Amino acid sequence: MKTDITSLLRANIARLTPYSTARDEYKGALGIFLDANENPYQNGLNRYPSPSQKEKVRARIAELKGIRPERLFMGNGSDEAIDLCYRVFCEPRIDNAISIAPSYGMYSVCAAINDVEFRSVPLRPDFSLPVEELLAAADSHSKLMFLCSPNNPTANAFEPEQLLQLVERFNGMVVVDEAYVDFSDKGSLKTYIDKYPNLIVLQTLSKAYGMAGLRVGLAIADEKVVSIFKQVKYPYNIGTDTLGFAEKNLEKDITGQIEELKAQRDMLERELPKFRCVEKVYPSDANFLLVKVTRARELYDRLIADELIVRDRSTTKGCEGCLRITVGTPAENKKLIEIISDYDRQ
Ligand SMILES: *Cc1c(COP(=O)(O)O)cnc(C)c1O
């Protein structure tokens, strides 16, 4: 593990003088603002987002997550944080990133966009983590390792001890994507930021918090990493409306919904294997199920015919023959069961 993350930064980022916005220079809330070339006539959104509103939302999320606000980066979705990892740590055409396969597609897409070599290591047949193989894939130019837990699309969470082994032994930044952590009993690695400055934990408001349309992703990391992400991101990456909606909706208690979704997931995990067309339902720590079926495309098309849309992962290496099915409301899940039941009788 590299404890000095400064040595992992791209040279141009380490040298960067960040853009300073009008709102960074004068932070007061009252006065006549002739500093940002805004339209002075009020319509609710004529002003640039206020840093104080963003700090309020940051403080609220930090409180919910039990972390210090200095350790929280808020991005335009987790996707912004994933892209920032590449822009901040990887020299195009020289450095590389390592990940598992199958996993979330954005890690490799962002690597390609940033012209960074992407090395993927297959999960074991039981979808467990190939710790030694991941470390063996690394060389002196390996700056990032992306690990998704619970993993999309395999639905399983990895053992925290194994993830931490990689954080300890990999000489770069380990990014643990916990988009589905609220549905898992294995817990978050966010409490290990204290101990490991090379750990970045990604979470999001898009899944359990029910705000996918809002575009707010979170990176929980060492203060130094958060401070650099803030310098590299677009100056006003989160809009006023978004901050206002987040502030309001973060007050809602989501534990009841999460419990219901987990109970529905467990119901589907029990019911689906009863059908002849279902070969296997993989254990899930998330709000979706990876289901191996006899004829994936045929079932997919049959569901579509009844206007029920799932994700066909049957041609993805490592999940051949599988559909990925999100847990819906009880009525939606009942409809799913009905259609499959009808298909199964034919
Ligand atoms: C859905 C998902 C996200 C969320 O991305 P946002 O940009 O925050 O909406 C992140 N990681 C994984 C693995 C996901 O499946």
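## Domain interface

In this predicted model, 17 residues of domain 1 are in contact (heavy atoms within 4.5 Å) with 19 residues of domain 2. Domain 1 covers residues 5-249 and domain 2 covers residues 255-345, with bounds that come from an automatic or database domain assignment. The two domains bury about 1400 Å² between them, 62% of it on carbon and sulfur atoms, where buried area is the accessible area (1.4 Å probe) that two parts lose on being put together, summed over both. On the side of domain 1, P153, A155 and F183 lose the most area to domain 2, together accounting for 42% of what that side buries.

The centres of domain 1 and domain 2, taken over C-alpha atoms, are separated by 30 Å. Between the domains the count is 1 salt bridge, defined as a side-chain nitrogen of Lys or Arg within 4 Å of a carboxyl oxygen of Asp or Glu. A salt bridge is formed by D185 with K262, whose closest N and O atoms are 3.5 Å apart.

## Helix α12

Helix α12 (residues 330-345) has 16 residues and reaches 23 Å from its first C-alpha to its last, close to the 22 Å expected at 1.5 Å a residue, the expected span being 1.5 Å times one less than the number of residues. Helices (H or I, at least four residues) and strands (E, at least two) are DSSP runs, numbered from the N terminus.

## Backbone features in loops

The peptide bond from A101 to P102 is cis, with omega near 0°, and P102 lies in the loop between β2 (96-101) and α5 (106-113). A cis peptide bond also runs from S149 to P150, with omega near -5°, P150 being in the loop between β4 (142-148) and α7 (160-169).

R93, although not a glycine, has a positive phi of about 70°; R93 is placed in the loop between α4 (78-89) and β2 and counts as exposed at 72% relative accessibility. E307, likewise not a glycine, has a positive phi of about 60°, is found in the loop between α11 and β10 (311-312), and is exposed with a relative accessible area of 71%.

## Basis of the values

Residues are numbered from 1 along each chain as its sequence is written, and side-chain values use heavy atoms, with hydrogens and water left out. In this predicted model, local features need pLDDT of at least 70 and side-chain atom pairs count only at pLDDT 80 or more, whereas totals for chains, interfaces and linings use all residues.

Terms used
Buried means under 20% relative accessible area, exposed over 50%, partly exposed in between (1.4 Å probe, protein chains only).
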